[in-house]
Protein chains: 2
Amino acid sequence: MRQMNVAVVGATGAVGTMIIEKLIERKFPVNKLKLLASKRSAGSTITIGNETYTVEETTDQAFENIDIAFFSAGGSITERFSQAAIDAGALVIDNTSAFRMTEGVPLVVPEVNPEKIREHKGLIANPNCSTIQMVAALKGVKDQFGLNRLIVSTYQAVSGAGADAIHELEQQSKNFANRAENEANILPSGGDKKHYPIAYNVLPQIDVFGDDGYTLEELKMMNETQKIFDDYEMEVAATCVRLPVVTGHSESVYIELDRDDVTVAELQEAIQSVPGVVLEDDPATQTYPMPLFAEGKDEVFVGRVRKDRDKKNGFHLWIVSDNLVKGAALNSVQIAETYLSQIEE
Amino acid sequence: MRQMNVAVVGATGAVGTMIIEKLIERKFPVNKLKLLASKRSAGSTITIGNETYTVEETTDQAFENIDIAFFSAGGSITERFSQAAIDAGALVIDNTSAFRMTEGVPLVVPEVNPEKIREHKGLIANPNCSTIQMVAALKGVKDQFGLNRLIVSTYQAVSGAGADAIHELEQQSKNFANRAENEANILPSGGDKKHYPIAYNVLPQIDVFGDDGYTLEELKMMNETQKIFDDYEMEVAATCVRLPVVTGHSESVYIELDRDDVTVAELQEAIQSVPGVVLEDDPATQTYPMPLFAEGKDEVFVGRVRKDRDKKNGFHLWIVSDNLVKGAALNSVQIAETYLSQIEE
């Protein structure tokens with residue numbers, strides 16, 4: 001198999017680190033691995049197995065001879081450096097929201113729309129974490145029964161907001177008695193004006209507010225789901241909520257199918273027909289997905305599948321996955337793997 | 001105003017204690033206050049202001065001369081003793097689920113259906129905490145625009161499962177690093193077989209499982225909402241989820257109105273037209289309800305009101321209230337107040 005020169009931009013971040021781990025764990029054919037970060041982190045070393053890598057500064061020249069460049073250092077870094085990487089001949093796999101909705105940029109979950117990879121013009125976008133697990137869980141359902149409506153309420157972990165948010169949850173959690181007085185500096189959104197405690201609390205805001213009262217996180221889920229499924233008639237509505245959970249996003253999802261004669265057993269079968277999607281659904285044994293037990297796992301877990309009492313084509317379900325794994329690093333590496341298998345066909 | 005002899009059954013519990021506090025705070029015309037609990041708690045004393053009360057055992061004879069008996073000690077205690085209280089001439093206001101769905105038993109949220117109080121045959125049921133805040137928030141909407149569909153995903157606090165669940169969350173919260181190994185003995189449901197950690201986790205089960213994959217908590221919300229609104233055509237679907245939050249239930253609610261020409265401003269106006277319902281809704285200043293700041297408050301808070309992108313009659317909103325206050329103790333006392341004002345008319 002062809003060996004690839006790989007760069008990871010944002011190598012010192014949580015997702016960047018996990019991208020490196022997944023490349024090794026999955027035996028991605030890496031020839032040279034180049035770790036890039038900000039000037040501040042340049043010079044620091046990362047040891048993986050027996051090998052120690054020195055982190056270099058991200059510059060326009062850093063992408064020479066690179067075949068695949070993973071970007072996971074924020075939208076502004078992608079905007080600044082991705083064209084240099086493309087010009088140097090690299091395929092950019094971008095984990096930020098910078099180009100996800102840009103016309104002509106493939107937005108890919110390999111289990112759902114691998115064929116879009118072939119349409120790339122140098123950059124493939126990795127979708128938002130909440131979107132990835134939802135479309136993976138619903139891919140089989142949409143293919144087999146048609147999916148025309150989706151209403152999701154999310155239960156999202158703080159790790160999606162970075163290491164500082166995890167640290168803040170840990171610190172605030174110690175102050176159980178006076179929890180309303182906890183100091184907050186990060187959540188709901190580092191870029192917004194006000195901050196609220198997350199420990200023992202629920203924040204109905206992720207990212208800043210956009211149009212019509214929706215947050216950007218909600219708009220991402222709505223727009224990206226339509227783009228990935230390539231179905232702009234599909235009705236998608238999202239409410240995105242942050243919880244005092246370290247890692248693992250959960251989603252309460254209501255769907256309406258094109259067909260109204262589908263049974264719960266048939267829906268469950270369709271859900272788990274997709275690779276990487278695992279059904280955990282047995283009320284008799286209290287079996288259902290929970291984020292604490294999805295931490296560090298590759299799979300998307302689905303449970304609580306039940307029929308709506310009123311709509312014959314309506315179902316409710318519960319989807320959980322590790323937002324840093326399938327929601328970010330793993331999906332990026334899977335895009336690279338699928339790309340590789342396509343160019344070697 | 002007529003003075004009432006009042007009994008509180010389950011006086012040592014979280015809701016029982018708060019019923020006593022609310023009776024005093026709201027200057028309910030109490031002549032004699034009798035605190036009842038299990039044999040185990042009998043003899044213990046509760047001091048309120050300058051007055052010390054001795055807790056007595058709940059017996060069939062304990063209700064002599066009682067005008068109003070609040071029951072908040074579990075469904076089995078209501079089933080065992082409520083008839084004795086009724087036979088002794090008391091009006092029973094029951095905070096358990098024992099008789100909520102019984103034909104002929106009024107299920108009352110005073111802002112929504114106070115007229116049902118007049119139909120009582122000795123017992124008035126207080127609805128489930130999650131239901132109360134939702135119907136209060138939607139009462140004005142239903143009256144003004146008609147409400148034919150409702151899909152809710154809840155974010156519920158552990159205090160709804162009692163003091164032991166609060167203690168368990170506090171203990172587990174200390175173990176941040178090895179959170180998946182936390183011992184669990186209470187949640188998701190004391191009466192069920194398996195228990196899972198709640199700290200840094202999300203449990204998509206409240207109460208035990210009933211029919212068709214729904215939990216009893218979900219069926220309560222669905223059935224009680226129809227009964228309180230006296231509208232059995234209304235489509236209601238619920239997914240009930242427990243979170244590591246001490247007190248305060250949150251709800252992500254999608255609704256469809258009978259009319260499709262309603263604006264967000266008109267909906268907001270209708271929501272806050274109901275006494276006790278407060279609109280906290282301004283994205284520009286990141287104003288929305290959160291459970292940490294609803295603790296101990298009487299009101300039902302509503303925010304994140306926005307129009308669905310696809311359905312002209314569809315809206316999304318976010319409802320938060322203290323599950324022990326409006327969700328339990330306060331609503332029970334308000335039922336008693338409304339009853340009193342009705343018999344004095």
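Modeller: Gladly, and please keep in mind that this is a predicted model. To begin with the two chains, 70 residues of chain B are in contact with 70 residues of chain A, and the area buried between chain B and chain A is about 6100 Å², with carbon and sulfur atoms giving 55% of that area. On the side of chain B, Gln286(B), Leu292(B) and Arg309(B) lose the most area to chain A, and together they make up 12% of what that side buries.

Biologist: What makes Arg179(A) and Glu295(B) a salt bridge?

Modeller: The rule asks for a side-chain nitrogen of Lys or Arg within 4 Å of a carboxyl oxygen of Asp or Glu. In Arg179(A) and Glu295(B) the closest N and O atoms are 2.8 Å apart, and the pair therefore meets the rule. Across the interface of chain B and chain A the rule finds ten salt bridges, while the count over all chains comes to 40. The interface also holds 44 residue pairs in polar contact.

Biologist: Which parts of chain B supply at least two residues each to the side that touches chain A, and how do those residues divide by kind?

Modeller: The elements of chain B that do so are β9 (147–155), α4 (163–173), α5 (216–229), β10 (235–239), β11 (249–257), β13 (300–307) and β14 (314–321). The residues of that side divide into 36 nonpolar, 16 polar and 18 charged.

Biologist: Why is the pair of Arg304(B) and Glu218(A) said to join two chains?

Modeller: The side chains of Arg304(B) and Glu218(A) meet in a salt bridge, at 2.7 Å from N to O. Arg304(B) lies in strand β13 of chain B and Glu218(A) in helix α5 of chain A, so the pair joins two chains. Both Arg304(B) and Glu218(A) are buried.

Biologist: Why is the pair of Glu235(B) and Arg149(B) said to tie together parts that are apart in sequence?

Modeller: Their side chains meet in a salt bridge at 3.2 Å, N to O. Glu235(B) belongs to strand β10 and Arg149(B) to strand β9, both of chain B, so the pair ties together parts that are 86 residues apart in sequence. Glu235(B) has 18% relative accessibility, and because buried means under 20%, Glu235(B) counts as buried; Arg149(B), with a relative accessible area of 2%, is buried by the rule as well. Glu235(B) and Arg149(B) also belong to a network of salt bridges that links Arg149(A), Glu235(A), Glu256(A), Lys311(A), Arg149(B), Glu235(B), Glu256(B) and Lys311(B).

Biologist: Why is Glu224(A) called buried?

Modeller: Glu224(A) sits in helix α5 (residues 216–229) of chain A. Its relative accessibility is 1%, against a limit of under 20%, and so Glu224(A) counts as buried. Its contacts beyond four places in sequence include Arg100(A), Met101(A) and Leu219(A).

Biologist: How do you know that Asn126(B) is in polar contact with Ser332(B)?

Modeller: A polar contact needs N or O atoms within 3.5 Å, and the backbone nitrogen of Ser332(B) lies 3.3 Å from a polar atom of the side chain of Asn126(B). Asn126(B) is found in the loop between β8 (123–125) and α3 (129–145) of chain B, and at 0% relative accessibility Asn126(B) counts as buried.

Technical notes
Residues are numbered from 1 along each chain as its sequence is written. Chains are lettered from A and ligands numbered from 1 in the order in which they are written. This is a predicted model: local features need pLDDT of at least 70, side-chain atom pairs count only at pLDDT 80 or more; totals for chains, interfaces and linings use all residues. Side-chain values use heavy atoms; hydrogens and water are left out. Helices (H or I, at least four residues) and strands (E, at least two) are DSSP runs, numbered from the N terminus. Buried means under 20% relative accessible area, exposed over 50%, partly exposed in between (1.4 Å probe, protein chains only). Contact means heavy atoms within 4.5 Å. Buried area is the accessible area (1.4 Å probe) that two parts lose on being put together, summed over both. A polar contact is a pair of N or O atoms within 3.5 Å; within protein, one must be able to donate a hydrogen and the other to accept it, and residues adjacent in sequence count only if both atoms are side-chain atoms. Ala, Val, Leu, Ile, Met, Phe, Trp, Tyr, Cys and Pro count as nonpolar, Asp, Glu, Lys and Arg as charged, and the others, Gly among them, as polar.
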